[in-house]
Amino acid sequence: MSERKKFLLALALTVFFVILSAVPTYAVLHRKANYPGLLSNMPEREYNAVIAKTQEYDALILGTSMSECFKCSELDRQMDCRSLKMTVNGANLAEIRFMAEYAAKFKKIKLALIDFHLLLHVPGFDMSCDHNLKLFPMEHYGKYSYLIPLKRAFSISGMAEALDFAKDIRKGRIKETSRDDIYNWGLRRPCGEKYFAADVLSKKAPQINIDDTFRKKTINNFRKHLLELVKAYPDTKFILFFPPNSALQYSNIDAAEYIKYKRQAIELFAGVKNVELYDFQTAFDITDNFENFKDREHYSPAINSWIISNLGKKEYLITPQNQERLLSELQAHLQNYDHNAAYKRLKEKYGRK
């Protein structure tokens, strides 16, 4: 046999055995990717594509990391629904709208809970990011879900992952991740004043200039993505809420300009019958207590539970009658809050000795 034929034979045998080993690897990884309720190593967008098709639900929890620690079971009890979290850490408005419309292809959605994040537009972020949808192949993954594990089936790490998963299945060690625990960073990231202080003391507060350009751009994004979404689904009840970020989130923000901007955002939804808008930024006992946070923005899972419990009470629901009172209270609080004193106290208590 010539050297050329030996080489081709060796090459063919190598390809054959690689494919042969990849087939069971792919089969196991495909099962893992579609395992009900199992949060695998897939990115959130890929996993959302799978659960949107495979789970039973009639309500959605959408949004950013502000909503990842909600418990579906608590929303179910409060609103008489069966909810599913389809959140993405750092999601922009275009992505949130896309996820809502994608889920609506499979199920009739009667309720959607969404965090209304007014200050996501900081340097490095864009509230619209329409161009990101080209890099957001959720529909692709949903239609071709078999491709999700294919890219790992021919890798050593993929084989190891498949072997570990197969062993865990055989030994009964695999437990389904509940709808409550999907994406729940609170299971891994502790909250409390000392953790809050560590973050605040290590990073400068974001400098956000809420000028006419900022307002125009972000209000247009709200109109294009959020307002058009709620109007496109008049039979779906949309619950939007302003997250109760910590008081120190507003250290470098002009209070009067922020209130002017917030008023415009609120008035976008005036008269829209299928929208309820809640203002939890006026819950000062929450925002001023740093035990409730892990950093300037992110509150603990206990606050997510508190938010759901308050949806039934409607204590923080914005109405035409209370809108100006709530805005005035928030502006006064932001202007009177002593950010320097709060920072100094944290530094004295938790700063390096």
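1. Basis of the description. The model is predicted, with local features requiring pLDDT of at least 70 and side-chain atom pairs counted only at pLDDT 80 or more, while totals for chains, interfaces and linings use all residues. Residues are numbered from 1 along each chain as its sequence is written, and side-chain values use heavy atoms, with hydrogens and water left out.

2. Helix 2 against helix 4. The axes of helix 2 (residues 44–54) and helix 4 (residues 93–103) come within 10 Å and cross at roughly 20°, where axes are lines fitted to C-alpha atoms, for helices over the stretch in contact, and angles run from 0 to 180 degrees between N-to-C directions. Helix 2 is therefore roughly parallel to helix 4, a term for angles under 35 degrees. Helices here are DSSP runs of H or I with at least four residues, and strands are runs of E with at least two, numbered from the N terminus.

3. Handedness and contact residues. The crossing of helix 2 with helix 4 is right-handed, that is, the near helix is turned clockwise from the far one by less than a right angle. Helix 2 contributes Arg 45, Asn 48, Ala 49, Ala 52 and Lys 53 to the contact, and helix 4 contributes Glu 95, Met 99 and Tyr 102, with contact meaning heavy atoms within 4.5 Å. By class, four of these residues are nonpolar, one is polar and three are charged, where Ala, Val, Leu, Ile, Met, Phe, Trp, Tyr, Cys and Pro count as nonpolar, Asp, Glu, Lys and Arg as charged, and the others, Gly among them, as polar.

4. Positive phi values. Asp 80, in the loop between helix 3 (72–79) and strand 2 (83–85), has a phi near 55°, a positive value in a residue other than glycine. Tyr 183, in the loop between helix 7 (156–170) and helix 8 (193–202), is likewise not a glycine and has a positive phi of about 65°. Asp 80 counts as exposed because its relative accessibility is 61%, whereas Tyr 183, at 5%, counts as buried; the cut-offs are under 20% relative accessible area for buried and over 50% for exposed (1.4 Å probe, protein chains only).

5. Five strands form an open sheet in the order 2-1-3-4-5, with parallel pairing, and strands pair if DSSP finds at least two bridges between them. Strand 2 and strand 5 (275–279) are the edge strands, each pairing on one side only. Strand 4 (residues 237–242) pairs with strand 5 over five bridges, and Ile 239 has Glu 276 of strand 5 as its bridge partner.

Conventions
Angles under 35 degrees count as roughly parallel, over 145 as roughly antiparallel, 65 to 115 as roughly perpendicular and the rest as oblique.
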